[in-house]
Amino acid sequence: MVCAASQQSNLAVRVEDISKTFYFDTNQLLSLKHHVLSLLHRMSGAGGRVLHPAGQKKDVLKAVNFDIGWGETVAILGRNGCGKSTLLRIIAGIYQPSKGLIQTHGRISPLIELGSGFHPDFTGRENAILYGKILGLTRHQIASKLDKIIAFSEVGTYIDRPVRLYSSGMISRLAFSVATEVEPDILLLDEVLSVGDISFQAKCKKRMREIQERGTTIIMVTHQVGAAQSWAKRCIYLKDGVVVADGQSKEVVNLYQKDNM
């Protein structure tokens, strides 16, 4: 269950006994060739019923618990496939947990798969306005911020062209600009601090520091220990869907490195 609560709490995010299971219908993964051959096999009467693989499930997160206070920057460390991104999507409200409770307080801005929600036939300007609305801004608020969003993104005259004409870098820059300009209470980052070229990355890092100084709660997912230690005083180490360590960044990073050498 995901619950967006008021800002009366001392906590920005509470994760209580969260588990997430994905179910995979392997029948849907069978090739067209396999289906055709199976049909011909049955029609010929040579072999009776064809057995298909049964559905499978994967427990991605298993009874995860932690609290994050206002103004904290927390890095979630772990190898690829350990459940980091799934956990971030549950906090963002994109996924529902299979078990447990998520409580969040205030406006959330998720930087996950930058630009994935942009419509290719809408212009950059139209997508920026729509994205701002999705993140909770009023039309007036978006209008007051739009010039800053466009300037920061550096997409230039492309802002009034369809997004299908953009490079992946342009889409990422525009999405980052919108998501960070909305002044969120909670900012969620999924390996997105390498947006654009070197000069734009420097702009992103400067904006991130400004967001930290404003007291925004930041939860970042990464498998890069350098980024974790640079941005966060606290790390949560996730391994095979289970929290194995939660504490000071240096101590957790040392454990993570020891486990993965």
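## Exercise 1: A threonine and its contact

T217 counts as buried, at 0% relative accessibility (buried means under 20% relative accessible area, exposed over 50%, partly exposed in between, with a 1.4 Å probe and protein chains only). The model is predicted, so local features need pLDDT of at least 70 and side-chain atom pairs count only at pLDDT 80 or more, while totals for chains, interfaces and linings use all residues. Residues are numbered from 1 along each chain as its sequence is written, and side-chain values use heavy atoms, with hydrogens and water left out.

Task. State where T217 is placed and which backbone atom its side chain reaches.

Solution. 
1. T217 is placed in strand β8, residues 217–222. Helices (H or I, at least four residues) and strands (E, at least two) are DSSP runs, numbered from the N terminus.
2. The side chain of T217 reaches the backbone nitrogen of G71, at 3.0 Å.

## Exercise 2: Salt bridges

Task. Determine how many salt bridges are counted, and describe the pairs R14 with D67, K145 with E183, and D246 with R234.

Solution. 
1. Begin with the rule: a salt bridge is a side-chain nitrogen of Lys or Arg within 4 Å of a carboxyl oxygen of Asp or Glu. The count by this rule is 11 salt bridges.
2. Take R14 and D67, whose closest N and O atoms are 2.9 Å apart. R14 belongs to strand β2 (residues 11–24) and D67 to strand β3 (residues 56–69), so this pair ties together parts that are 53 residues apart in sequence. R14 is partly exposed, with a relative accessible area of 29%, and D67 is partly exposed at 30% relative accessibility.
3. Take K145 and E183, which meet at 3.5 Å, N to O. K145 lies in helix α4 (residues 139–153), and E183 lies in the loop between α5 (168–181) and β7 (186–190), so the pair ties together parts that are 38 residues apart in sequence. K145 is buried at 14% relative accessibility, whereas E183 is partly exposed at 45%.
4. Take D246 and R234, with 2.9 Å from N to O. D246 is in strand β10 (residues 242–248) and R234 in strand β9 (residues 234–239), so the pair ties together parts that are 12 residues apart in sequence. D246 is partly exposed at 39% relative accessibility, whereas R234 is buried, with a relative accessible area of 14%.
5. Finally, look for shared partners: salt bridges that share partners join R14, E16 and D67 into one network.

## Exercise 3: Aromatic rings

Task. State how many aromatic pairs the structure holds, and describe the geometry of F118 with Y131 and of Y158 with Y166.

Solution. 
1. Rings of Phe, Tyr and Trp (its six-membered ring) pair if their centres lie within 6.5 Å; planes under 30 degrees apart count as stacked, over 60 as edge-to-face and the rest as tilted. The structure holds 6 aromatic pairs.
2. The ring centres of F118 and Y131 are 5.7 Å apart and the planes stand at 80 degrees, so this pair is edge-to-face. F118 lies in the loop between β6 and α3, and Y131 in helix α3, so the pair ties together parts that are 13 residues apart in sequence. Both F118 and Y131 are buried.
3. Y158 and Y166 also form an edge-to-face pair, at 6.0 Å centre to centre and 80 degrees between the planes. Y158 is partly exposed at 29% relative accessibility, while Y166 is buried at 8%.
4. Ring pairs also link F152, F176 and F200 into a cluster.

## Exercise 4: Charges over rings

Task. Identify the rings over which the charged ends of R161 and R207 sit.

Solution. 
1. A charge sits over a ring if NZ of Lys or CZ of Arg is within 6 Å of the ring centre and within 35 degrees of the ring normal.
2. The charged end of R161 sits over the ring of Y158, 4.4 Å from the ring centre.
3. The charged end of R207 sits over the ring of F152, at 3.8 Å from the centre.

Conventions:
Polar contact = N/O pair within 3.5 Å; in protein donor to acceptor, adjacent residues only side chain to side chain.
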